[in-house]
Amino acid sequence: MTIQLDALAELIKGTSAEDLKASFFHHLKYSLGLFKTEVTAHDQYMALAMAIRDRMVDRMMATESRYEAAGAKRLYYLSMEFLMGRSMGNNLINLGIFEQTREMAAAMGLDLEEIRDTEVDAALGNGGLGRLAACFLDSLATLDMPGYGYGINYEYGLFKQEIANGYQEEKPDHWTEKGCPWLIERTSEACIIPLYGYIEHATDRTGEYNPMWMGWKILVGVPHDMPIVGYGGKTVNYLRLYSARSSETFDMRIFNEGDYLKAVEEKMTSETVSKVLYPKDSFEAGRELRLVQEYFFTACALRDITRKLEAKGLPFTALPDQVAIQLNDTHPSLAIAELMRFLVDEKGIPWETSWNVTTRTFAFTNHTLLPEAMEKWSQPLFERVLPRHLQILDEINRRFLKQVAAFRPGDEALLQRMSLFEEGQQKQIRMAHLAMVGSHSINGVAELHSHLLKTRVLNDFYNLWPTRFNNKTNGVTQRRWLLKANPSLADLITSRIGDGWITNLDHLRELEPYADDAEFRQEFTATKLANKGKLANLIKRRVRVDVDPSSLFDIQAKRIHEYKRQLLNVMHIIHQYLSVVEDGVDLAVPRTYIFAGKAAPGYWAAKQYIKLINNLARVINSDRRTRDLIKVAFIPNYRVSLAEMLIPAADLSEQISTAGMEASGTGNMKFAMNGALTIGTLDGANIEIREEVGDKNMFIFGLHADQIDEHRAKQSYDPWEVYRRNIRVRRVVETFNTDLFCPQEAGLFRWIFQKLLDQGDEYFHLADLPSYIEAQEKATAEFAEPDHWARKAILNVARIGKFSSDRTIRQYAAEIWNIQSHT
């Protein structure tokens with residue numbers, strides 16, 4: 001059998017157009033069971049994807065053999081989200097077979113772009129957290145490092161966003177409806193996960209307390225592997241995603257008792273666990289499902305990781321030398337308690353030894369500065385779902401607080417602040433505290449973010465463990481966000497400096513002299529205009545708005561949230577609109593304002609902002625006075641594939657969060673990498689981007705984080721004062737008290753007036769609006785000089801090398817994980 005498999009591998013790993021054609025027809029016939037005359041575009045996609053996957057699997061096996069031979073230490077990246085987007089184009093590029101595949105398709109009268117366009121985005125994530133995880137997997141494979149992801153194989157994504165009468169509507173995003181050819185199901189490696197039940201208090205033979213977790217229900221986790229190919233095709237790691245299945249044994253017992261409907265109900269309830277990304281947690285059942293999801297995937301991951309260690313015949317004390325586990329935010333924090341339960345309860349390892357193993361294995365990345373985003377669980381809910389884990393957390397906390405008390409004797413307030421348990425009417429479990437206590441490394445994701453964690457958000461923990469804290473500024477993969485998303489710019493760059501930048505983004509510095517090359521500037525501008533033309537066509541198809549590709553494309557594409565300040569963007573557009581229609585101002589250049597992003601289903605204010613943007617667009621786009629000067633478009637259902645259209649077409653990148661509230665941001669990096677100039681506050685990674693690309697090549701405005709902190713501490717910010725003394729601000733804000741942008745919906749936006757003035761303007765919109773307007777006016781003036789603008793845009797591309805996820809991963813590997821490249 002081994003010989004036959006090897007022979008088959010020889011047949012399917014060829015990369016010529018003829019080899020690919022043979023594989024394509026093989027899968028059409030034998031995998032899909034189709035005759036040539038029956039084939040649809042989706043069938044073509046499925047057959048081609050399987051042909052590509054064959055070549056990835058072959059390399060994945062070779063990669064695994066290479067790691068085994070080297071005795072490589074491995075990194076496991078635990079994340080609730082992996083926002084992978086579409087895979088076909090990325091896999092073709094990284095395997096180095098894009099042109100051969102295009103040639104194969106053309107020879108058969110097929111269009112490769114049409115085939116690729118039938119692929120549905122893998123809806124395994126929501127925003128920056130998941131997309132960062134996807135970039136990291138690409139970098140790990142490209143750097144030949146043994147790094148793997150663990151997550152949930154969601155059947156449905158967050159939601160598919162549609163717009164009706166200006167409002168967001170959430171529709172099911174059943175991305176797996178027609179199957180996913182990239183996933184390989186591994187039923188033989190399924191694992192059993194216990195939940196619920198009760199604790200039976202007992203003692204062992206020596207009289208020591210020996211609690212027994214009894215009466216649990218069982219979930220079965222079935223792994224599905226998505227191969228992740230690095231650039232050049234040599235290394236293929238994988239992302240392992242778990243689907244929840246019911247226990248057959250449990251179902252059969254109910255069947256045998258005659259309650260068939262109950263058995264079916266149990267099966268459906270079990271499989272709900274991997275049904276949807278982020279169930280609504282505004283009600284108890286949603287919160288319980290979210291907790292079960294987090295435990296399910298972390299427990300599955302640890303079962304898999306420890307099983308592999310046991311298979312090598314190594315003791316569990318060797319785990320930190322063989323394995324590094326990174327917690328991507330607080331969602332996987334339960335892995336700490338689960339590993340302790342496994343080592344202490346199942347393997348009988350003493351607590352102190354188990355804790356040493358655990359803390360040396362785990363590392364934690366914090367992704368937020370917002371206290372409300374620091375995940376907590378009510379103790380009663382936690383006890384019902386995971387009774388044994390609550391006992392373990394109690395013991396972790398007891399020992400930890402003993403350490404805190406020795407550090408600061410007599411400081412009861414400090415003990416309360418640092419405890420894993422938050423006292424109140426209903427006791428809460430602080431998952432960020434668990435993540436920090438159980439990890440040997442705690443990192444932020446931008447210099448400012450890490451500084452604020454140490455000095456403000458997590459200051460108590462920093463004082464206790466200063467050496468645990470470090471910074472790892474985020475990055476993005478240039479293979480996805482430049483080479484794939486913007487092939488015309490990638491080709492232009494390569495024509496001048498070669499293709500070394502694809503695996504070492506620092507090579508982009510070699511472009512700097514070309515900023516002064518008139519011919520290069522002209523080609524660069526033409527490339528941008530072509531990308532804007534493609535986006536203009538998409539806007540026409542999707543939202544029926546005609547936009548001028550030669551206008552300034554000002555784009556804000558990100559999750560809708562008050563701190564990200566889409567409202568501030570809207571307020572500037574209103575100011576510009578009123579300047580034209582009331583003051584007769586003639587704009588130096590026409591503007592196209594493009595928005596994209598989803599609001600969480602339960603986030604009322606964010607959903608109202610989407611309505612505001614769409615109403616604003618309807619009023620402005622239909623006003624003859626501004627028709628050729630200002631256009632506004634909200635493109636629904638923001639996702640990776642849409643971002644790949646938006647980002648290459650941007651002239652101006654909106655990164656305007658309230659200073660001190662954005663952890664890092666990665667959209668800022670992607671836009672700059674594609675030649676957009678940033679307009680933004682000194683927040684998140686904007687600060688480091690400014691250090692690299694230069695202050696003159698961005699438009700910075702607004703209060704600094706320390707100024708905002710001071711205002712909050714002294715309660716010295718009065719939005720009414722700004723409103724009274726600044727006529728520009730006052731005129732804009734007063735529109736919300738009128739029906740200018742809601743003529744058929746009287747009073748719809750008056751709540752915004754009240755929120756900005758009567759409720760304190762929590763996100764400092766009015767404070768920053770005057771300087772934002774000035775920065776926008778400066779951007780308009782500079783865009784009116786195309787050659788000048790092109791030079792600045794080229795310098796943004798040339799100086800963005802620091803923000804490759806390759807650099808980030810090298811830092812994690814050297815400073816936290818202690819893993820190596822294996823070529």
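**Helix packing, a sheet and selected residues**

Helix 12 (residues 334-346) and helix 15 (residues 387-407) have axes that come within 10 Å and cross at roughly 95 degrees, where an axis is a line fitted to C-alpha atoms, for helices over the stretch in contact, and angles run from 0 to 180 degrees between N-to-C directions. Helix 12 and helix 15 are therefore roughly perpendicular to each other, given that angles under 35 degrees count as roughly parallel, over 145 as roughly antiparallel, 65 to 115 as roughly perpendicular and the rest as oblique. On the side of helix 12 the meeting residues are A337, E338, M340, R341 and D345, and on the side of helix 15 they are R388, H389, I392 and L393, contact meaning heavy atoms within 4.5 Å. The residues of this contact of helix 12 with helix 15 divide into four nonpolar, one polar and four charged, with Ala, Val, Leu, Ile, Met, Phe, Trp, Tyr, Cys and Pro counted as nonpolar, Asp, Glu, Lys and Arg as charged, and the others, Gly among them, as polar.

This is a predicted model, in which local features need pLDDT of at least 70 and side-chain atom pairs count only at pLDDT 80 or more, while totals for chains, interfaces and linings use all residues. Residues are numbered from 1 along each chain as its sequence is written, and side-chain values use heavy atoms, with hydrogens and water left out. Helices (H or I, at least four residues) and strands (E, at least two) are DSSP runs, numbered from the N terminus.

Helix 15 also packs with helix 13, at an angle of about 85 degrees and with the axes 13 Å apart, so helix 13 and helix 15 are roughly perpendicular to each other. W351, E352 and W355 of helix 13 make this contact with I392, E395, I396 and R399 of helix 15, and the residues of the contact divide into four nonpolar, no polar and three charged. Within helix 13 (residues 351-361), W351, S354, V357, T358, T359 and T361 are buried, where buried means under 20% relative accessible area, exposed over 50%, and partly exposed in between (1.4 Å probe, protein chains only). The buried residues of helix 13 pack against helix 11 (319-322), strand 11 (323-328), helix 12, strand 12, helix 15 and helix 17 (431-437).

Three strands form an open sheet in the order 13-15-14, with antiparallel pairing, two strands being paired if DSSP finds at least two bridges between them. Strand 13 (376-378) and strand 14 (421-422) stand at the edges, each with a single partner strand, so one side of each is left without a neighbour in the sheet. Strand 14 pairs with strand 15 (residues 428-430) in the antiparallel sense over two bridges, and E422 stands opposite Q428 in strand 15.

The loop between strand 12 (362-365) and strand 13 holds H367, which counts as buried at 16% relative accessibility. The side chain of H367 makes a polar contact with the side chain of N328 (2.6 Å); such a contact is a pair of N or O atoms within 3.5 Å, and within protein one must be able to donate a hydrogen and the other to accept it, while residues adjacent in sequence count only if both atoms are side-chain atoms.

I679 lies in strand 22 (residues 677-680) and is buried, with a relative accessible area of 0%. T738, in the loop between helix 30 (727-734) and helix 31 (750-757), counts as partly exposed at 36% relative accessibility.
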